[in-house]
Amino acid sequence: RGERFWLHGWSPHDTATDVDWAIGAVHVLRATAVNGAQVYNERWFMYVEDLDLCWQLARAGWRRRFEPDITVTHIGNAAGAQAWGASRRSRWQWATYDWYGLRHGQTARRAYAALNAVGVLVLVAGRVAARLLRRPGRRGVAGRILLRSLPLHVEAIFIGDVGPRARGGPPR
């Protein structure tokens with residue numbers, strides 16, 4: 001599953017392959033793929049416009065491809081850190097929920113948020129149990145990061161429009 005979904009640490013970055021989605025640091029597009037239309041949806045300034053573009057291209061029958069022979073230097077999330085600071089992770093999550101609700105409906109968005117909340121609880125419980133068995137009294141950083149996201153996932157289950165949180169106002 002890690003290779004199929006290109007999870008961090010699992011993806012084969014030395015092999016050209018089709019992908020579902022490519023992070024928007026660099027996209028090379030055929031002009032005919034967008035037919036003069038706006039490439040990125042301005043609803044999201046950052047973090048989801050690339051997901052939406054790739055989703056739209058897939059629906060139109062276009063391939064999305066990773067090519068390892070093309071190299072562009074990109075400083076990981078420097079723009080996100082500058083624009084959103086410490087709130088960039090929650091802004092990304094809210095934007096993702098906003099996109100999911102827009103493209104799949106609010107009921108599906110709420111189900112996705114519930115699945116994420118349950119996933120966080122299961123992962124954290126498993127990590128805590130493993131640590132308690134090895135080193136009582138210690139919890140890892142990953143568990144704390146996951147736990148910090150739990151209120152956001154739970155809130156996304158119950159609120160209506162997540163759009164205002166997703167857009168988060170202008171960058172600082």
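Predicted model: local features only at pLDDT ≥ 70, side-chain atom pairs only at ≥ 80, totals over all residues.
Residues are numbered from 1 along each chain as its sequence is written, and side-chain values use heavy atoms, with hydrogens and water left out.

The chain contains seven helices and two strands, where helices (H or I, at least four residues) and strands (E, at least two) are DSSP runs numbered from the N terminus. Along the sequence, these elements follow the pattern β-α-α-β-α-α-α-α-α. The chain has 172 residues, of which 27% count as buried; here buried means under 20% relative accessible area, exposed means over 50%, and partly exposed lies in between, with a 1.4 Å probe and protein chains only. Accessible areas come from the Shrake-Rupley method with a 1.4 Å probe, and for residues only the protein chains shown count as cover.

Five salt bridges are present in the structure, each defined as a side-chain nitrogen of Lys or Arg within 4 Å of a carboxyl oxygen of Asp or Glu. Side chains of opposite charge can pair when their charged atoms come close. One of these bridges joins the side chains of Asp18 and Arg63, with an N to O distance of 2.9 Å. This pair links distant parts of the chain, with Asp18 in strand S1 (residues 17–18) and Arg63, 45 residues apart from it, in the loop between helix H2 (49–59) and strand S2 (65–66). Asp18 is partly exposed, at 39% relative accessibility, while Arg63 is exposed, with a relative accessible area of 57%. A salt bridge is also formed by Arg65 and Glu67, whose closest N and O atoms are 2.9 Å apart. Arg65 counts as partly exposed at 38% relative accessibility, and Glu67 is likewise partly exposed, with a relative accessible area of 34%. Together, Asp18, Arg63, Arg65 and Glu67 are linked in a network of salt bridges.

A further salt bridge brings together the side chains of Asp52 and Arg103, at 2.8 Å from N to O. Because Asp52 lies in helix H2 and Arg103 in helix H4, this pair ties together parts that are 51 residues apart in sequence. Asp52 is buried, at 4% relative accessibility, whereas Arg103 is partly exposed, at 25%.

Helix H4 has 17 residues, which at 1.5 Å a residue should span 24 Å, and the distance of 24 Å between its end C-alpha atoms agrees with this; the expected span is taken as 1.5 Å times one less than the number of residues. Buried residues of H4 include Arg91, Trp94, Tyr97, Asp98 and Trp99. The helix is followed by Gly105, whose phi is positive, near 100°.

Arg148, which lies in helix H6, is exposed, with a relative accessible area of 61%. Patches are made of residues with over 30% relative accessible area and no salt bridge, like charges being joined within 9 Å and nonpolar side chains (Val, Leu, Ile, Met, Phe, Trp, Tyr) within 5 Å. A nonpolar surface patch is formed by Val26, Val28, Ile70 and Val72, which together have about 380 Å² of accessible area.

Asn35 is exposed, at 65% relative accessibility, whereas Tyr47 is buried, with a relative accessible area of 15%. The C-alpha atom of Tyr47 is separated by 8.4 Å from that of Gly80, 33 residues apart along the chain. Gly80 lies in helix H3 (residues 78–84) and is buried, with a relative accessible area of 1%.
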